[in-house]
Amino acid sequence: MTDKTYPKVFITGIGTVTAVGRDYESTMDAVFAGRGGIQRMSFEADGGFKALVGHVPVALPARERLGWFARCASDEAIVAADLAHGSVDRVILGSALGQVVDDGWPIGMGAVDRIGMETARRYGRRDRSPAVRAINSSFVSGADAIGHGWQAIRFGEADCVLAGGVEAPITPAVLAGFTAMGAAAPVQGDPAAGIRPFDLHRDGCALGEGAAFLVLESARSATERDAEPLAELIGYGTASDAFHVTQLPDDGDGLLRAMADAMSVGGVQPGEVGYLNAHGTGTPMNDRIESLVIDRIFGPAEAQPWVSSTKPMTGHLLGASGAIEAAIAIAALRRMVAPVSLNLTTPDPECGVRIVAGASQPFERSITMSTSMGFGGNASALLFKRHIP
Amino acid sequence: MTDRIIDPGRRRVVVTGIGAICAIGNTAGEAWSAAVAGTSGVTAITRFDADGLESRIAGEVKGFNAAEAIGRKESRRLDRFAQFAIVAAREAVAISGLDIAANPTRVGTLIGTGMGGMETFESGSEALAKGGPRRVSPFFVPMLLGNMASGNVAIDLGTKGPNYAPVSACAASAHAIGEGALMIQRGLADAMVVGGAEAPITRLSVAGYSSMGALSTRNDDPERASRPFDAGRDGFVLAEGAAALVLEDRERALARGAEVLAEVIGYATTDDANHMVQPAPGGEGAARAMTLAMEDAGVVASDIDYINAHGTSTPLNEKFETQAIKRAFGDAAGSVPISSTKSMTGHLLGAAGALEAVFTVNALRVGILPPTINQTTPDPECDLDYIPNRAREKAVRNAMTNSMGFGGHNVSLILARADERA
């Protein structure tokens, strides 16, 4: 089989819920305006334990948040795609932690599978349920869900895929776990300035919650129903560096191969990428290795894309981060603007890439990229192309 | 799923290694011997104090020393499900003789799980409740994550290709096998380490499944509690363990002189999203998965000489599974031998499909069908040949193994004897 036989894959609907917006449009307005959503949260029941979080401002009990986020984002994506009931033939859902609230059932990853099935029931065909896949590749889950959807369409298994990620990690146990690892940003000071990817003084991430879903459609399906594509998904690459559960190898091997594979399969040259939404957690190691890889992949200065991390706004949505950041990379193409990387005041000489500092930055190239890395050595990259009808 | 386009030129996928650790054996070989002998691995729960729970029995792994198997320091940083995964995957790779380091980026790992790090979740929650946030371990998050069997197996073996954990409940490791085979067929990898791992014998999960009324309460007679297809079945027996298979592109496996244990010739999935928890009445979705898998394999019902059933030992599952087999196999349903090895191992949830695929590979290799034990009172609604109580000698050309998840996934895999399609 040659590449010529693969159908094109379009994104025809997007839905998101994050700390900075209850839907896609409001989330993107905040992201491109550089409005952060990080706040300090205090857990009185746990001795006033504090953490920085990207909390979705909705008064829902902890147990109901995971399902509600998934429902909001998937409903929005379906409505945005203007899909009639019964069009979806595959649902792919990624999450890193699943249900981590110890009051009810199912718990853990079982809840993710359950939510995937519920999602399929809402949008699938009545006569035949869509295929449902729940996956976990740690913080790459959302990106891999989208990548698996792309593969399903390319290999002729599906025409219309609803893919995304969901996470509700703001619980004392999970926050305490990240704090104990030294991965959480310190709680003192101004929360809005707390997460500083690529800055010399960066010192950790803030967990965020929410969900993002994309509707992926074969060109045939989109054309038949006269849908307006938001973008084309042209490349996906995934790799494992098999190095360490939480540490990255010095050469960023897994991410390097994931990005190179995505570009190779997408037929994309370095100078064609206008904006890269980086994983950019704000931890010292992540941003340093990621910068090194980006620099190596794109080569000469004129070929480097604009780079930002949007995690200072949304927080780190763990298994949903790859999906929300794919949604941002698509919005960047539609606006032809790279969103700002907040809180970059002292550039780190070891992060020598073209960071969008200060304010969002217009660009002209027609391709954007989103990258994700996760515990366990996972890395994936997605490439989107501007759709010109 | 939409019906798959069968590509006549697709790469063939073979099994070159198997590994397992479960209630009836700490290696694939031990577990197979015990299965052929009809041994139950179900006992009273020893992992925690089960007093007060409705179900107090389980299929526990016995005599497992993680520190010895994996190393003291490493094992303490792994949840039990990831420990099991490493042990099973190492065995599978050792048997296959695959040199992963020769081409690591072309080898991927998919290890599914239904639940993830449950012991870690409970001990972390307990630490928080008793000692506050400062008592939560730095290893809490990396041990809890559901991809940590898959991730740690990749790290342990050095596989650098695609890696993720299917978490599709009780179909998770069947998905891992099927999707891993697809990756090889499509040229996305040359070899895949696939399987599943589960360590659900904790107070929270036993209580959770109990509250659903899913578990057997035959607490005074654990060895006879798992009795799929028998009229006296009253629920499944929760079990732990892991199983792994090495899948390879057939040409590459033959070129390196590997012993082919079996060939993966068919895979299909359907999902009953309209029927949460309970399988669809009439077994329609499960039947369709079996039919599609036979189409994918290019075989007909009479070519299948053995079915390893999902057979959980719940009243509804076997009633519907029997209907599904009849629907998919038609006239051949009455003559195909079927067994549920869960009668001996208990139900390993996300690891069950892989363990049962390992048993199925052995049935193909040696021509012995493992039994369904504890068959004393036939259920008139389950009237097929379930290989009751004693293993049976029978040459097997092709075998099917079925997995049906609690969320309603149906996965059918068809394996062929190594020389069947030479």
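What we are looking at is a predicted model, in which local features need pLDDT of at least 70 and side-chain atom pairs count only at pLDDT 80 or more, while totals for chains, interfaces and linings use all residues. Residues are numbered from 1 along each chain as its sequence is written, and side-chain values use heavy atoms, with hydrogens and water left out.

Helix H8 of chain B covers residues 172–185, and its 14 residues reach 20 Å from the first C-alpha to the last, close to the 20 Å expected at 1.5 Å a residue; the expected span is 1.5 Å times one less than the number of residues. Helices here are DSSP runs (H or I, at least four residues) and strands likewise (E, at least two), numbered from the N terminus. Because 14 of its 14 residues are buried, H8(B) is largely enclosed by the rest of the structure, buried meaning under 20% relative accessible area with a 1.4 Å probe, protein chains only.

Now to the two chains together: 63 residues of chain A are in contact with 64 residues of chain B, contact being heavy atoms within 4.5 Å. How many salt bridges are there between chain A and chain B? The count is two, a salt bridge being a side-chain nitrogen of Lys or Arg within 4 Å of a carboxyl oxygen of Asp or Glu. Arg133(A) forms a salt bridge with Glu179(B), with the closest N and O atoms 3.1 Å apart.

Conventions
Chains lettered and ligands numbered in written order. Buried < 20%, exposed > 50% of the residue type's maximum accessible area, 1.4 Å probe, protein only.
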